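Student: Could you walk me through this one? I would like to go from the contact between chains down to single residues.

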Protein chains: 2
Amino acid sequence: MVVGAGALARPSEPRPELAWGAWGDPANAVDLPESILAPLRDGLGVTRPSPRPPALAEFPLPPAALRPELVDRLAGLVGTEHADSGRAARLRHLRGKSTPDLLRLRAADAAGTPDVVLCPADHDEVAALLELCSAERIAVVPFGGGTSVVGGLEPEAAGFAGVAALDLRRMDALRELDEVSRLAVVGPGLTGPQAEALLGARGYTIGHFPQSYEYVTLGGAAATRSSGQSSAGYGRFDDLVMALRVATPTGMLELGRAPKSAAGPDLRQLMLGSEGTLGVITELAVRVRPVPDQRVYEGWRLPSFSAGTQALRRLVQDGPVPTTLRLSDEAETAVDLARAGELGQAPAGGCLAIVGYEGTHEDVALRREGAAAALRDGGGERAEADAGEAWLRGRFRGPYLRDALLDAGALVETLETATFWSSLERLHGATAAALHEALSAQGSPPVVLCHISHVYPAGASLYYTVVCAALEDPVVQWRRAKAATAEAILAAGGTISHHHAVGRDHRPWYEREIGGLGVAALRAVKAELDPAGILNPGILLAR
Amino acid sequence: MVVGAGALARPSEPRPELAWGAWGDPANAVDLPESILAPLRDGLGVTRPSPRPPALAEFPLPPAALRPELVDRLAGLVGTEHADSGRAARLRHLRGKSTPDLLRLRAADAAGTPDVVLCPADHDEVAALLELCSAERIAVVPFGGGTSVVGGLEPEAAGFAGVAALDLRRMDALRELDEVSRLAVVGPGLTGPQAEALLGARGYTIGHFPQSYEYVTLGGAAATRSSGQSSAGYGRFDDLVMALRVATPTGMLELGRAPKSAAGPDLRQLMLGSEGTLGVITELAVRVRPVPDQRVYEGWRLPSFSAGTQALRRLVQDGPVPTTLRLSDEAETAVDLARAGELGQAPAGGCLAIVGYEGTHEDVALRREGAAAALRDGGGERAEADAGEAWLRGRFRGPYLRDALLDAGALVETLETATFWSSLERLHGATAAALHEALSAQGSPPVVLCHISHVYPAGASLYYTVVCAALEDPVVQWRRAKAATAEAILAAGGTISHHHAVGRDHRPWYEREIGGLGVAALRAVKAELDPAGILNPGILLAR
């Protein structure tokens, strides 16, 4: 990777701010129709609307813990205009976008508000900030798009001099485009749409489209092992990262001289998924592909979740592999159908799969023909003509819908896991059962929807959406359900997260997943790279 | 993975021993014809034949350092019949199969002979041995097939009570075959042919065919990030490993609940490539595929290495991707042609590519047609009809040829590296130039042959074969050349090893490749898992 300040290009416009206390762009806010409100009310007992959080100007702002003298010294490293300890900046860097995060804002809970927001310009400024914060025991929260749904932005900062959010938005350059190797060298603060715009103008795409696409940053996607909806074709984000530069309190790591190497353990894989606890990714080389000539998305209806699972498995094991491959279970399909029903279409049984192809016309045609034959073999038939395109149009709308559901008084959240194919149906049942039991036991029986969201030759991931009536303390209500479900996932052999990461929310189960010795190994690395423990304390590993 | 002693199947026959002081099965030994001897003599000045090492019974055997009382206690853990401190066992576990290793045997150098060879039956016995060795400061060399070519089996054992070779040959079960997930759970001591026989009988293959295939073990392939000749289709070995059980002096690690996860750093990737320095792999789950219906191997002639490199890159970036894809440079092509010439065929210019397809008839036909069109576009034309099959027949013969060349008085060795496509031709030239210069400066101008051995969308590996006249001390001669070449590789941006690993031979350059902080991070992990430092001391990292 190129060391230095050069940039091939930068985003032409400043990126949009995430809404305060809700997801996304307020222009995209969703109003729930009576056809959704009625079953929420009548079926789930959702009756108590929940007000949005207090406005930014009225939200209770805790006093800053960090001494002004330290704020000044930090500001001296990045320039005064890039060190902001004002109300808006501090509150906009308070936690992430999980449902508990949003509910706590609705409850005017300001715990964990950082004292200052620092926006460094480059690797050297990050390094200097980490050095100072390490010397002065200031906790540092590396901040990308602010889209964490696992408590990845809420450090355990007791005993520190204060908390600085390290917002990487200014490190948003497309540094280099290596068209021969098909690699883009980028800054960590570039968002998904910014990266696609800069690369698209040059004929390339990364192809990373998680549900958080509008706000996700590439550094954040790397640090949390994000996976996009087209991972079958483009790969998970961690598979796309070929090289990394990382700033730590004790120095710099530069990793990745070749796509693959036998020179020891793959240290890139130690930084990917480290969630800002071992260092700050300041530059990354990411695989790119030519912008596809064609994108075709189809719906397929499979007779059952079991039959559909087999059909997806066959495709990913024997090919041809579509670019996007998802399968809703019966419950999720029924809810999707209910929505389609509003549009005047007749509901039908079975399970809906979304199958997308992106590439050259010839490649799309070939894979589409082969996959169609395999899907038909598995009992599938083409769904209504618009099903694939409708999914494509709505694929980033889930989080907007969540805000509207929360407004209505529902508790709605998602969670996800993964395992090998032979255990997938067992995991599917066990996870759903745990959610049903844990929420019903509290008096709020849920609707539990699930889809296979990502596929591999050896296994797949399951993505759940849960909706029930919010009780008086929905944060506690959800924490109980989540804990019971995490136990069930662990017992059924699943991983505690396939693409959301660990954060604080998954930590107890993560520590059991990798075992005491795995935790000890990571702690040893952390002690070496971050001896003062300033980097995202309490995230991933207990303090 | 299944914990316990169950086995679905075990190899039906004991595995063959590697020849003493040479490679492989003596039945496959090569005699050099005058058509090879003449140019060696006349072109390279190879005139002093080198005798084979002293016979096993006459080789100088150093006294064992390990106190008999400790040997007895170790034997008590595995059974007396599985703890062998006899001459043959000890010498057969002396170092690996690099050219310096073989030359040192020829010079009757017994330095580093282990004191005892332990053959544990299962994970628990490995764990018990590591505990005792840790308490008594006995260095442990995990030993798979004994095929290391990077000094990976020669610990720096000064200050230890002695050295035990931990031979994993008894841990050779096919534990489980998960046909749904297409995973085989295997013991680490299973060799390539043993694994293929057990799986082939059930309709599956791993598809891992490194040049050391006849003797490589699966545990060793994992610990060293081996890559087989069909990696384009089947994947590198580290990409095939989905789960691992590892014994360390401080406990067990069980890693891998899904193909991919966002639950923290991928700790599997910390163990893969750790070369026995962090733990001993006692079980692994490896991806398998159905035995292909068809295997087709073809030769293609490209106008130049540059044109061929572009053609290979196009195939791996845009598809269709063959199962095997290799490209010899002009020098290697000319030497291969010289051999083909003996068979009555006319030499021709350009560069020879080997392109193989394995799969169903339909899949092979489709990929073959598409790849042929792309190769023709790149200026390629089909080589003589037998070229691909001839390569396939001879692909494991290189190391046998090496013994014959050493006998004749040549110095012959291989090395390899990898980088991104945009740097590949520069790396190709720089590495070859360094070899030429460093050997010519010592008075032994070499022949340097190279091929692209493994390809990825973002880059590829280069595999070099070097032949020159052996000087009076060929070990020193080679070390000098290797050091100069390693410097050139590092300067040109290559990795110090794409699939041979680090061992002791690559250590100084490896440490520079990952940097001081990378070394510190690995040392911290080692201190945690192996506090007494008994596991392969001096391998990968300096003591």
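Tutor: What follows goes through the chain contact, the core, some helices and strands, and a few backbone details.

Tutor: This is a predicted model, in which local features need pLDDT of at least 70 and side-chain atom pairs count only at pLDDT 80 or more, while totals for chains, interfaces and linings use all residues. Residues are numbered from 1 along each chain as its sequence is written, and chains are lettered from A and ligands numbered from 1 in the order in which they are written.

Student: Switching to the core, which residues touch the most other members?

Tutor: In the largest nonpolar core, which has 330 residues, they are A:Leu118, A:Val286, A:Ala410, B:Leu118, B:Val286 and B:Ala410. A nonpolar core is a set of buried Ala, Val, Leu, Ile, Met, Phe, Trp, Tyr and Cys residues joined through C-beta atoms within 7 Å, and a residue is buried if 20 or more other C-beta atoms lie within 10 Å of its own, exposed if 12 or fewer, and partly exposed in between, with C-beta atoms placed from the backbone.

Student: What does A:Leu118 touch, leaving aside neighbours within four places in sequence?

Tutor: Its contacts include A:Leu74, A:Val78, A:Leu129, A:Leu166 and A:Asp167.

Student: Now α14(A), which of its residues are buried?

Tutor: In that helix (residues 387–394), A:Ala387, A:Gly388 and A:Trp391 are buried. Seen down the axis of α14(A), the directions from the axis to their C-beta atoms fall within an arc of 100°, so the buried residues line one face of the helix. They pack against β12 (294–302) and β14 (351–359) of chain A.

Student: On to chain B, how buried is β18(B)?

Tutor: In strand β18 (residues 459–469) of chain B, 11 of the 11 residues are buried, so the strand is largely enclosed by the rest of the structure.

Student: Which strands pair with β18(B)?

Tutor: Two strands pair if DSSP finds at least two bridges between them. Strand β16 (residues 410–420) of chain B pairs with β18(B) in the antiparallel sense over 11 bridges, with B:Ala410 and B:Ala469 as bridge partners. Strand β17 (residues 447–456) of chain B is also antiparallel to β18(B), over 9 bridges, and there B:His454 has B:Ser461 as its bridge partner. β17(B) and β18(B) form a hairpin with 2 residues between them.

Student: What is the strand order in the open sheet of chain B?

Tutor: The 4 strands run in the order β1-β2-β4-β3, with mixed pairing. The edge strands, each pairing on one side only, are β1 (83–84) and β3 (138–143) of chain B. β3(B) pairs with strand β4 (residues 162–167) of chain B in the parallel sense over 6 bridges, and B:Pro142 stands opposite B:Leu166 in β4(B).

Student: Where is there a cis peptide bond?

Tutor: In chain A, the bond from A:Gly319 to A:Pro320 is cis, with omega near -5°, and A:Pro320 is in the loop between α11 (305–318) and β13 (324–328) of chain A. In chain B, the bond from B:Gly319 to B:Pro320 is cis, also with omega near -5°.

Student: Last topic, which residues other than glycine have a positive phi?

Tutor: Among them are B:Ala108, with phi near 55°, and B:Glu275, with phi near 55°. Most residues other than glycine have a negative phi, and most peptide bonds are trans.

Student: Is B:Glu275 buried or exposed?

Tutor: B:Glu275 is buried, with 27 other C-beta atoms within 10 Å, in the loop between α10 (268–271) and β10 (280–287) of chain B. B:Ala108, by contrast, is exposed, with 11 other C-beta atoms within 10 Å.

Notes:
Two residues are in contact if their C-beta atoms, placed from the backbone, lie within 7 Å.
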